[in-house]
Amino acid sequence: MTVKELQQYFKEHLVPKNLYKLDGNHRGRICMEHKGDSWNVYFSDRREKVGLLRFASESEACAAMKQQIEKLMEAVYGIAFVAHA
């Protein structure tokens, strides 16, 4: 999965844009950024990167971000995502 595909997935599943940022840091959101040769996924709290995860590939980072957003959507809104075959 690419960042563009992930963005489309979030749009199709009505994920509020205020929950995530796919191209850098934004306070109070789950963020993804491409820095050098790694992809980072984390929650941005003020200037801190909470739960920072580093990945070697875009697809690994997208999978992690998707999982984090799905968990958040279930916890906050009670919405569970169903895997398609």
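1. A quick definition before we start: a residue is called buried here when its relative accessible area is under 20%, and exposed when that value is over 50%. Please keep in mind that this is a predicted model.

2. Let's begin with helix 1, which spans residues 3-12. Its buried residues are Val3, Leu6, Tyr9 and Phe10. These four lie on the same side of helix 1, because they cover an arc of only 115° around the axis. On the other side of helix 1 you will find Lys4, Lys11 and Glu12, which are exposed.

3. What do the buried residues of helix 1 pack against? Their partners are strand 1, strand 2, strand 3 and helix 2.

4. Now for the strands. Strand 1 (residues 20-21) pairs with strand 2 (residues 30-35) in the parallel sense, over 2 bridges. Here Tyr20 has Ile30 of strand 2 as its bridge partner.

5. Strand 2 also pairs with strand 3 (residues 38-45); these two run antiparallel and are joined by 6 bridges. Met32, for example, has Val41 in strand 3 as its bridge partner. The hairpin of strand 2 and strand 3 has 2 residues between the strands, and Gly36 in this hairpin takes a positive phi near 60°.

Terms used. Residues are numbered from 1 along each chain as its sequence is written. This is a predicted model: local features need pLDDT of at least 70, side-chain atom pairs count only at pLDDT 80 or more; totals for chains, interfaces and linings use all residues. Side-chain values use heavy atoms; hydrogens and water are left out. Two strands pair if DSSP finds at least two bridges between them. Buried means under 20% relative accessible area, exposed over 50%, partly exposed in between (1.4 Å probe, protein chains only). The arc is that of the directions from the helix axis to the C-beta atoms. Contact means heavy atoms within 4.5 Å.
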